Amino acid sequence: MVNAERKGKRQVLIRPSSKVVVKFLQVMLKNGYINEFVLVDDHRAGKIVVSLNGRLNKCGVISPRYDFSHHQVESWVGRLLPSRLFGKIVVTTANGIMDHEEARRKKVGGKILGFFY
């Protein structure tokens, strides 16, 4: 997605699709970093067509999925994001997949999936 964004493309095809990728894209959509995405069922692993809006600078995944508690959010924000007010870290918790600010408000910990800004 980052390469397509840098080239100025309006759409990008992601394959294979999974539930985790769909939830990650929903968090990006909720924060306004992409316009929309459409699931394409090809009777195999599936594909996702994402409509870009030019706001995405970088996105990535964190492997391995490190554990974090709601007390450690600030240290991870400092490590992964260019600024505290800019970008989001996507985390998976017992309450579902959400961004780091929502996890801090709900005071839940979990594992870090990735980031975007």
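This is a predicted model: local features need pLDDT of at least 70, side-chain atom pairs count only at pLDDT 80 or more; totals for chains, interfaces and linings use all residues.
View 1. Four bridges hold the antiparallel pairing of β1 with β3, the strand of residues 47–52. Within the view, I14 stands opposite I48 in β3.

**View 2. The aromatic cluster of F24, Y33 and F116.** Ring pairs link these three residues, F24, Y33 and F116, into a cluster. In the whole structure, a search finds five aromatic pairs. For Y33 and F116, the ring centres lie 4.9 Å apart and the planes meet at 70°; the pair is therefore edge-to-face, as the plane angle is over 60 degrees.

**View 3. R79 over the ring of W76.** The charged end of R79 sits over the W76 ring. Its distance from the centre of that ring is 4.3 Å.

**View 4. The β6–β7 hairpin.** Strands β6, residues 88–93, and β7, residues 96–99, run antiparallel and are joined by four bridges. The hairpin connects β6 to β7 through two residues. T92 stands opposite I97 in β7.

**View 5. H100 and its surroundings.** H100 is placed in helix α4, which comprises residues 100–106. With a relative accessibility of 2%, H100 counts as buried, because this value is under 20%. Leaving aside residues up to four places away in sequence, H100 touches V73, V77, L81, G87, K88 and I89. Of these contacts, K88 and I89 fall in the range of β6, residues 88–93.

**View 6. R105 in helix α4.** R105 also has its place in helix α4. The relative accessibility of R105 is 63%, so the residue counts as exposed. From C-alpha to C-alpha, R105 and H70 are 8.8 Å apart in space. In sequence, R105 and H70 are 35 residues apart.

View 7. R15 and P16 are joined by a cis peptide bond, with omega at about -10°. P16 lies in the loop between β1 and α2. The bond from S63 to P64 is also cis, and its omega is near 5°. P64 is in the loop that lies between β4, residues 59–61, and β5, residues 67–68.

View 8. H43 has a phi near 60°, a positive value in a residue other than glycine. The position of H43 is in the loop between β2 and β3. At 74% relative accessibility, H43 counts as exposed, because the value is over 50%. K107 is not a glycine either, and its phi is positive at about 55°. K107 lies in the loop between α4 and β8. Its relative accessibility of 60% means that K107 counts as exposed.

**View 9. The chain behind the close-ups.** The chain has four helices and eight strands. From the N terminus on, these elements run α-β-α-β-β-β-β-α-β-β-α-β. The C-alpha trace spans about 40 × 30 × 25 Å along its principal axes. A compact globule of 117 residues would have a radius of gyration near 13 Å, and the 14 Å of the chain agrees with this. Of the 117 residues, 42% are buried. Among contacts in the chain with a separation of 6 or more, 59% are between residues 24 or more positions apart.

Note on methods: Residues are numbered from 1 along each chain as its sequence is written. Side-chain values use heavy atoms; hydrogens and water are left out. Two strands pair if DSSP finds at least two bridges between them. Buried means under 20% relative accessible area, exposed over 50%, partly exposed in between (1.4 Å probe, protein chains only). Contact means heavy atoms within 4.5 Å. Rings of Phe, Tyr and Trp (its six-membered ring) pair if their centres lie within 6.5 Å; planes under 30 degrees apart count as stacked, over 60 as edge-to-face and the rest as tilted. A charge sits over a ring if NZ of Lys or CZ of Arg is within 6 Å of the ring centre and within 35 degrees of the ring normal. The radius of gyration is taken over C-alpha atoms; the globule rule is 2.2 Å times the number of residues to the power 0.38.
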